[in-house]
Amino acid sequence: QFLRRQQVLQLYRKILRAIREVPTEADRCYLKDWAREEFRRNKDATEEDAIRMMITQGNMQLQELQRALKLAKS
């Protein structure tokens, strides 16, 4: 459980760092609020499989955000 918590916190930090790269302030605020709400909504999850699935889903969304930012820069 401790390791899962570390994974979740690490994912949260990565998402927030990626959001900092978003060029427009309004989009940054929207994405930050969205990320906070998603993590808050799922903070009481205890089922191991569900947590693992949410971490995987979060990583996929992070990759998608990073790809979109790369495309916007090029």
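The model is predicted, so local features need pLDDT of at least 70 and side-chain atom pairs count only at pLDDT 80 or more, while totals for chains, interfaces and linings use all residues. Residues are numbered from 1 along each chain as its sequence is written, and side-chain values use heavy atoms, with hydrogens and water left out.

**Overall fold**
- The protein has 3 helices and 0 strands, where helices (H or I, at least four residues) and strands (E, at least two) are DSSP runs numbered from the N terminus.
- Along the sequence the pattern reads α-α-α, and the C-alpha trace spans about 40 × 20 × 15 Å along its principal axes.

**Helices H1 and H3**
- The axes of helix H1 (residues 2-20) and helix H3 (residues 48-73) come within 10 Å and cross at roughly 20 degrees, these axes being lines fitted to C-alpha atoms over the stretch in contact, with angles from 0 to 180 degrees between N-to-C directions.
- H1 and H3 are therefore roughly parallel to each other, a term for angles under 35 degrees.
- Residues of H1 including Val8, Leu11 and Ile15 meet residues of H3, among them Ile51, Ile55 and Leu62, where contact means heavy atoms within 4.5 Å.

**Largest pocket**
- The largest pocket holds about 610 Å³ of space; a pocket is an open set of points on a 1 Å grid over the protein atoms alone, where a 1.4 Å probe fits, with protein on both sides within 12 Å along at least five of seven lines, and its volume is the space filled by probe spheres set on the points.
- Of the 23 residues that line this pocket, Val8, Phe39, Asn42, Lys43 and Ile51 are the closest to its centre, lining residues being those with an atom within 4 Å of a point.
- H1, helix H2 (25-41) and H3 each supply at least two residues of that lining.

Key. Angles under 35 degrees count as roughly parallel, over 145 as roughly antiparallel, 65 to 115 as roughly perpendicular and the rest as oblique.
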